[in-house]
Amino acid sequence: MNVKAFEIRTYGKAELAMKYYPNSTKEAAMESFRHELQINSRLRHLISRRRHVYWPKQVRMIIEELGEPSEYP
């Protein structure tokens, strides 16, 4: 069985949101992802309208708190 590992790298804001909500529209995925960050006190500081990307260190923090996106078992 070939299992893909989630790659820790720089992700665009919408790109990462779509990893977590692949069956949603881009806008709905971004809103849901933003909500997840908002309710998590350790991730809340990552919310910014000016932020366009999440750097690898930030992606690692998100995964530690939320787990890997569902397409990566």
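Biologist: Which pattern does the protein follow, read along the sequence?
Modeller: In this predicted model, where local features need pLDDT of at least 70, side-chain atom pairs count only at pLDDT 80 or more, and totals for chains, interfaces and linings use all residues, helices (H or I, at least four residues) and strands (E, at least two) are DSSP runs, numbered from the N terminus. Residues are numbered from 1 along each chain as its sequence is written, and side-chain values use heavy atoms, with hydrogens and water left out. The protein has 3 helices and 2 strands, and read along the sequence these follow the pattern β-α-α-β-α.

Biologist: How are the rings of Phe6 and Tyr11 arranged as a pair?
Modeller: Rings of Phe, Tyr and Trp (its six-membered ring) pair if their centres lie within 6.5 Å, with planes under 30 degrees apart counting as stacked, over 60 as edge-to-face and the rest as tilted. By this rule the count comes to 3 aromatic pairs. For Phe6 and Tyr11 the centres are 5.3 Å apart and the planes at 10°, so the pair is stacked.

Biologist: What sits over the ring of Tyr11?
Modeller: A charge sits over a ring if NZ of Lys or CZ of Arg is within 6 Å of the ring centre and within 35 degrees of the ring normal. For Tyr11, at 4.0 Å from the ring centre, this is the charged end of Arg9.

Biologist: How many residues apart in sequence are the parts that the pair of Phe33 and Tyr54 ties together?
Modeller: The rings of Phe33 and Tyr54 have their centres 6.1 Å apart and their planes at 80°, so the pair is edge-to-face. Ring pairs also link Tyr20, Phe33 and Tyr54 into a cluster. Because Phe33 lies in helix H2 (residues 26-39) and Tyr54 in strand S2 (residues 53-54), the parts tied together are apart in sequence by 21 residues.
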